[in-house]
Amino acid sequence: MLAFMAALAAGIGGLVLLAVSGWFLTGAALAAGSGAAAIAAFNYLIPSAAIRGLAVLRTAARYGERLWSHEAALQALAELRGTLFTRLAHADSRNAPDLASGDASAKLIGDIAALEDLVVRRPGIPAAAGTVLAGLAAVALAGWLAALTYIAVIVLLLALLAVLPQRLSTAPAAEAAAATAALRRMLVDYAAARSEIITYGLAPRVTALLVAEADRIDTAQRRLARIEAAGGGLLIAGSALAAAATLLASTASTPITALAVLAASASVEAVAAIARTASREAAVAEGIARLRVLLALPAFEAPSPAVTAVPPDAAQTVGLGTATFAPGSRIALTGESGSGKTRVLEALAGMRVPAHDLTLDGRPLAMLPAAAIRTQVAIAPQEPMLLAGSVADNLRLARPGIDAEAMERALRTAQLWERIARMPQGLDTVLSEDGGVLSGGERKRLAIARALLAERPWLLLDEPTEGLDAGTEEALVGALRNWLGVHGTGLIIASHRAAPLGLADVEVAVAAIPRAAG
Amino acid sequence: MRIYKAAGFAWTSDIAGAAIFAWGLASALEARLAGGTMAVMASGCALMMLGGLLRLASQVGAQVLGFDEGRLLAQARRAELFPRLLALAGPSGPALGATATLGIDHIAAEQARAARFDPVRQSATSAPLLVAAIVALQSWVAALILLATLIPFVIGMIFAGGAARQAADRQMAAITALSALYVDRIRHLPIIRHFAAEDRIARAAGRAAQDVAARTIAVLRAAFISSAVLEFFAALSVALVAVYCGFSLLGLLPFPAIEVLNYRSALFVLVLAPEFYLPMRRLAAAYHEKQLGEAAEKALADLPQPSQRPARAASVLLRGVIVEWPGHRIGPVSLELGAQGLVCITGPTGSGKTSLLAAIAGQVAPSKGAIATLPAEAIAWAGQVPLLLPTTLGDNLRLGKPEADDAAVTVAVSAVGLDALVARRAEGLNTAIDHHGAWLSGGERRRLGLARALIADRALLLADEPTADLDSASAERIIALLTSEARQRAIIVATHDERLVAAADTVIAL
């Protein structure tokens with residue numbers, strides 16, 4: 001509301017400043033022509049003060065408009081980000097929208113940013129309409145004919161600017177978007193084949209293909225730029241037309257005519273705000289549609305119960321096909337690569353829809369809510385999935401209220417303590433995206449430490465010793481065996497290396513687990 | 001660039017239209033005031049329309065020319081950047097997603113700056129002076145008033161504008177960081193949910209968004225002061241000109257009149273006065289484009305140069321080679337390979353097998369140690385996701401040796417077990433392929449890359465995971481092929497397939 005009032009004041013302030021100035025000048029000229037008595041009678045103090053006052057008002061109003069509209073937009077958007085994220089976070093991994101790729105999540109962020117633009121502009125529309133109405137009121141002083149021609153010009157401009165650009169730009173906008181998407185795919189595909197391109201000297205040929213696609217974008221963009229430019233040009237010509245028509249149609253005195261003409265000319269600018277927002281609305285409509293998918297997720301009602309360490313007596317059995325395993329069992333999943341070991345582990349972790357016949361406490365996994373699965377298993381996945389943040393942040397993810405001592409114990413078991421302790425910032429060392437400063441094997445072990453800290457009855461390890469030399473592997477396997485024994489934790493492990501498989505007492509071939517029905 | 005600066009002139013030429021409009025308006029109103037004929041008024045109105053149309057032409061022209069200038073810049077950038085992006089193999093090169101961002105979004109940002117900001121900036125210095133000059137023809141005092149407001153305006157902009165610029169840059173950095181945080185958290189939602197940490201993470205993410213919003217608002221306060229300074233002086237200049245002209249007409253100036261002003265001149269000057277600050281307002285409106293463009297230019301400038309190829313040699317020799325990049329380190333690796341033999345580089349995902357292979361190909365410079373390798377023309381590469389160009393299957397197979405005859409192609413195709421696939425297509429080798437290889441599976445595409453490397457018939461064959469994505473039988477066949485080929489040429493493969501490792505003459509474990 002504040003933003004709207006300020007926008008209106010700014011728009012009308014600018015219009016009235018010019019109009020009153022014109023009226024004042026004309027009045028002054030008229031008075032000057034009529035002799036000294038007229039000059040003495042001409043009240044110049046009020047208009048000249050009004051002119052200066054309007055200059056200040058306009059400035060203050062613009063400042064207020066900008067600040068308040070941005071304030072409202074930013075707060076609304078911060079809230080929207082929070083709400084969307086909360087809803088998304090509380091969805092079930094097994095059926096939530098898949099945003100794991102950087103592209104999908106970046107697009108989501110981009111959609112929200114596009115909305116910001118819209119929210120910033122929104123108070124401008126009624127304010128612009130108000131400015132046009134003020135212009136109409138000023139023009140109406142020059143007679144009903146002037147008012148009618150002014151309305152005709154405004155309606156014509158609105159029709160041309162709000163409808164035509166959108167219509168004309170649909171095809172080139174789609175073409176530009178398609179060409180951009182194609183170029184993006186090509187760049188990713190060709191970048192993946194860089195070594196091949198260098199070896200066979202194909203860079204000129206591939207560059208030519210890329211440049212041709214980029215030219216397609218430019219050609220479409222050029223059409224869009226022309227349409228946008230034509231819109232702006234129409235507006236300025238429309239402003240001249242409104243002024244000329246008002247002048248010719250005016251039946252009022254010349255000072256009032258001057259006021260009306262300048263008001264007509266200045267108020268047309270406000271049409272631009274309306275037209276521009278109309279065309280932007282179309283551009284962000286697609287983004288909003290994508291966001292709607294997320295907003296359609298069930299509203300988040302109560303915080304999910306925090307999962308703390310599970311007492312041993314609450315541990316449940318795990319069923320892999322027909323075989324059922326008591327808590328504390330140590331199971332190795334076997335099978336060639338690609339046979340579905342990772343899939344079984346991720347399904348047991350509640351991260352994917354199970355493809356196999358899996359049960360927890362005798363109940364089919366697919367029927368169980370995510371919250372029930374979570375109390376039982378903790379996974380160190382194949383891809384470590386570390387968050388951007390510190391080492392401690394990543395470990396704290398496992399469970400609330402983990403202290404430095406617990407972190408040290410878990411890191412020692414994972415054979416990572418020495419490495420972390422050596423780093424100048426220790427546990428507070430910041431990992432960039434995907435674990436940056438740590439090597440592949442170290443990231444893996446950090447993920448193992450995190451899974452240990454969750455202290456759940458079952459530990460799932462997917463290729464835990466990949467990237468380790470034999471010595472470290474042996475130490476890690478020994479420490480894990482010790483840890484499993486002390487905590488009575490069950491283990492389900494997938495690995496193609498002999499040492500970690502030695503942790504298991506029993507082997508289950510993934511191929512032998514029946515596929516889930518349906 | 002030839003047409004460079006034309007857009008800037010077009011923006012400046014907008015002033016001519018504005019002046020004609022103002023002159024027409026002033027003449028018509030003067031005629032009305034003096035009780036002139038309808039014809040005089042109509043000709044004034046015609047001038048107003050002419051002015052409006054000229055402004056239309058100038059502004060459309062300026063934007064279209066500006067687009068073309070931006071396009072020329074983008075074309076020059078792409079011609080230089082695309083080959084460089086393609087030459088950056090191994091860990092020093094940007095990630096795949098980042099490659100697309102550099103090649104599309106960053107160039108687009110620079111293009112937008114050249115199209116929208118640069119011409120306006122160019123005209124922002126000349127156009128106000130032109131307005132002042134035109135105003136001076138009618139009233140040099142009014143021109144002086146306009147120019148005089150410029151002095152406090154410039155001082156105000158130096159103080160407010162400088163702070164605003166820094167604030168705007170900081171704001172952009174904060175928003176970028178926040179977006180990166182959300183992207184990271186959204187990508188990792190499955191593990192966050194697994195550990196039941198969604199409440200904690202969502203609360204932290206919400207707080208971060210609120211923090212950035214609150215800070216951004218504080219920052220914007222400063223930024224908007226600079227636009228308020230601009231607005232204030234724009235409005236003040238109009239107000240001062242109006243008051244001066246009015247008092248001058250009335251003969252009530254508090255100082256002796258230094259010029260005689262008639263109604264037409266006064267009105268002309270008043271109508272033209274807002275144009276004085278218009279170019280600077282356009283400049284302020286395009287500031288965001290400048291910011292994004294500069295950030296993009298910096299990102300593109302930070303892109304590393306492709307490394308120099310190591311010394312040419314007749315065979316591969318690595319001595320204590322270490323390849324390092326932030327957070328990762330491969331080696332030291334030593335290797336000597338003659339004209340024949342099969343070497344396997346093995347190690348877990350992410351351990352740097354592909355990067356070491358690229359180093360052996362001479363595409364990545366080691367940070368320590370010495371590499372001697374064959375020249376690029378003597379090396380064939382079969383990658384994980386082989387290149388597919390939008391041409392025929394046959395052409396794609398011949399990328400390494402366009403002059404290869406049909407017999408050689410047929411032999412290679414059946415050697416990798418793709419003969420059945422080719423036979424299934426009605427067009428055979430003439431079947432068209434698009435660049436993402438719609439009808440090829442991952443394993444078929446991989447074997448196509450290997451067939452291409454065999455057709456290229458080079459002394460050193462480098463293959464990256466040649467047996468991944470293949471069923472057991474096909475993998476066995478490829479392993480047999482590689483061991484037999486290794487009797488005729490040197491082959492180095494990166495693999496974690498134990499059967500292939502078992503068949504190797506030398507194994508390098510990372």
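Colleague: Into which domains is chain A divided?

Modeller: Domain 1 (75–295) and domain 2 (312–512). The bounds come from an automatic or database domain assignment. Their centres, taken over C-alpha atoms, are separated by 49 Å. Keep in mind that this is a predicted model: local features need pLDDT of at least 70, side-chain atom pairs count only at pLDDT 80 or more, and totals for chains, interfaces and linings use all residues. Residues are numbered from 1 along each chain as its sequence is written, while chains are lettered from A and ligands numbered from 1 in the order in which they are written.

Colleague: What does the domain assignment of chain B give?

Modeller: Domain 1 (1–139), domain 2 (140–260) and domain 3 (311–509). For domain 2 and domain 3 of chain B, the C-alpha centres lie 56 Å apart.

Colleague: How many helices and strands does chain A have?

Modeller: Start with the convention. Helices (H or I, at least four residues) and strands (E, at least two) are DSSP runs, numbered from the N terminus. Chain A comes to 18 helices and eleven strands.

Colleague: In what order do the five strands of the open sheet in chain A stand?

Modeller: The general idea comes first. Strands of a sheet pair through backbone hydrogen bonds, either parallel or antiparallel. Here, two strands pair if DSSP finds at least two bridges between them. The order in chain A is E6-E9-E10-E3-E11, with parallel pairing. E6 (377–380) and E11 of chain A are at the edges with a single partner strand each, so one side of each has no neighbour in the sheet. From one strand to the next, the twist averages 20°.

Colleague: Which strands does E3 of chain A pair with, and over how many bridges?

Modeller: Strand E3 (residues 330–334) of chain A runs parallel to strand E10 (residues 490–494) of chain A, joined by four bridges. In that pairing, A:Ile331 stands opposite A:Ile492, and A:Arg330 has A:Leu491 as its bridge partner. E3(A) also pairs in the parallel sense with strand E11 (residues 506–509) of chain A, over four bridges. There, A:Leu333 is partnered by A:Val508.

Colleague: Which helix lies across E3, E6, E9 and E10 of chain A?

Modeller: Helix H11 (residues 341–348) of chain A. It runs at about 145° to E10(A). For such angles, axes are lines fitted to C-alpha atoms, for helices over the stretch in contact, and values run from 0 to 180 degrees between N-to-C directions.

Colleague: How much of chain A counts as buried?

Modeller: A residue is buried if 20 or more other C-beta atoms lie within 10 Å of its own, exposed if 12 or fewer, and partly exposed in between; C-beta atoms are placed from the backbone. Of the 518 residues of chain A, 47% count as buried. Helix H10 (residues 353–360) of chain B is mostly covered, with eight of its eight residues buried. Among them are B:Lys353, B:Leu356 and B:Ile360. After H10(B) comes B:Gly362, with a positive phi near 85°.

Technical notes: Contact = placed C-beta atoms within 7 Å.
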